[in-house]
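Let's take a walk through this structure together. Keep the sequence and the 3D view side by side, and we'll stop at a few spots along the way.

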Amino acid sequence: MLQYGPMYTLYCWFVTLRIVARYFLYRMGIGARPNFTDRWPEVQRFYRQVTRMDPRIRLRGLEHFPGSHPAVYAGNHVKLDDPFFVCYAVQEASDYAMRIRFVMRDDFFVGFPWNCMPFRMNEVAEMGGAYNISKEGVTLAQLKPLIDILLEPDSFVIFPNGSRSRSGLWFEYRDDMDAPGSVSFFLAQAQRKNPEIRVPAVPVGRTYNPVTKVSTVILGEAVWLAPKARREAQREFDDDLILAISNLVEVQMHHLLGGIFYLRSLHGLTDPISFIALENAVSVVLSSLGPDRYVESLLSEVGLTAPLLGSLDYFEGHQMVTCSAGSVTLSRERILASPPVDVHYRKANPVKFSVNQILHLPDVVAALEEVVLGAHAPADTR
């Protein structure tokens, strides 16, 4: 098709750069501010090519896509570009018939280097579909436009935990937060204003693999708030939604190796362990997980050996382990180190970053504990 050919790509670059030029004219006081969303198919094509998004994303659960507006897509927050990855999933699921907006705090692009740039990043984000709200002291006046978005009808992405996780925890709350944001509020208000519409919340999970640099985005089954639900029912709905999001982790090789390394370090099992024993242990853990648990498809497509070696190379590159003669020696003190929660664990302690992503999955944790500490732990057959 022409739209996927080089001429269409060139056209997308022309359209996008023309919007950028118009934006700088606007900053100089010439003309109105343009919007990327006015030419979203072309801009998205440009963005995907510049960021090389296509090879960096895998989609699962698209059968759960609700098929139409309105909807609230609620997900975990692990990286700055999370909204674009969720938008990508919706566009793919809708065969590019739909696009959605996203909620962003209005103080993110403040300070150095943002204040030194010739453009305002908050404005650029708004041009791409962002709706900015205050992180603290959010008012009803700020929230009303989000309700109006659902009534249009349209959809948006929101991250109930508010802040990105640096430690790897699926939901990471700072000192000023003790509960997730209320997605049910938007559903209840939209349905109250227009009782003829039903607005689903769609749980979304993004698992970032620091070894392959590929992210898996999973759409979960849509959930619905009962009409005229009272505050207690709304809070229960929000709790159930967080639980649904938390189950959308894709279990990957680095998670399992990280869990094994952490448990061995924690319990003083410092003897070297062979590659073969590690592969056997991972195989046992995977065989114990139920069919409802999302597991990286690569582990069944190419086998365990290549992903295992890739993850070992990753951990060794961060000085978590030392590999020699087909065996692994753990850097126990580095693995057990606990950096502050606001430190980027991917660099400071990638083993704990990996473990924190799956720490809330009881079946995975139980399987790891059994394979490391249980009576049926695989023998180290070197």
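Start with Glu250, which is buried, with a relative accessible area of 0%. Buried here means under 20% relative accessible area, exposed means over 50%, and partly exposed is in between (1.4 Å probe, protein chains only). Accessible areas come from the Shrake-Rupley method with a 1.4 Å probe, and for residues only the protein chains shown count as cover. Before going on, a word about what you're looking at: this is a predicted model, where local features need pLDDT of at least 70 and side-chain atom pairs count only at pLDDT 80 or more, while totals for chains, interfaces and linings use all residues. Residues are numbered from 1 along each chain as its sequence is written, and side-chain values use heavy atoms, with hydrogens and water left out.

Back to Glu250. Which residue does the side chain of Glu250 meet in a salt bridge? The partner is Arg58, at 3.1 Å from N to O. A salt bridge is a side-chain nitrogen of Lys or Arg within 4 Å of a carboxyl oxygen of Asp or Glu. This pair links distant parts of the chain, 192 residues apart: Glu250 sits in the loop between α7 (231–246) and α8 (253–266), and Arg58 in strand β1. The helices (H or I, at least four residues) and strands (E, at least two) are DSSP runs, numbered from the N terminus.

Another salt bridge joins the side chains of Asp81 and Arg206, at 2.7 Å from N to O. Asp81 lies in the loop between β2 and α3 (82–93) and Arg206 in strand β6 (residues 200–209), so the pair ties together parts that are 125 residues apart in sequence. Here Asp81 is buried, at 16% relative accessible area, and Arg206 is buried too, at 4%. Arg120 also forms a salt bridge, with Glu123, and their closest N and O atoms are 4.0 Å apart; Glu123 is buried, at 11%. Elsewhere, Arg48, Asp54 and Glu92 are linked in a network of salt bridges. Search the whole structure and you get eleven salt bridges.

Now find helix α1. It has 22 residues and reaches 32 Å from its first C-alpha to its last, close to the 32 Å expected at 1.5 Å a residue; that expected span is 1.5 Å times one less than the number of residues. Which residues of α1 are buried? They are Tyr8, Thr9, Cys12, Val15, Thr16, Ile19 and Tyr23. They cover an arc of only 125 degrees around the axis, which puts them on the same side of α1; the arc is that of the directions from the helix axis to the C-beta atoms. The face turned away from that buried side carries the exposed residues Pro6, Met7, Leu10 and Phe14.

Together with Leu17 and Val50, Trp13 forms a nonpolar patch on the surface, with about 270 Å² of accessible area. Patches are made of residues with over 30% relative accessible area and no salt bridge, with like charges joined within 9 Å and nonpolar side chains (Val, Leu, Ile, Met, Phe, Trp, Tyr) within 5 Å.

Next come some backbone details. The peptide bond from His69 to Pro70 is cis, with omega near -5 degrees, and Pro70 is in the loop between β1 (57–60) and β2 (71–75). A cis peptide bond also joins Glu152 and Pro153, with omega about 0 degrees. Arg52 isn't a glycine, yet has a positive phi of about 50 degrees; Arg52 is in the loop between α2 (40–51) and β1.

Finish at an open sheet of three strands, in the order β9-β11-β10, with antiparallel pairing. Two strands pair if DSSP finds at least two bridges between them. The edge strands are β9 and β10, each pairing on one side only. Two bridges connect β9 (residues 273–274) with β11 (residues 327–330), and Ile273 has Val328 as its bridge partner. Four bridges connect β10 (residues 321–324) with β11, where Thr322 stands opposite Thr329. In the hairpin of β10 and β11, with two residues between the strands, Ala325 takes a positive phi near 55 degrees.
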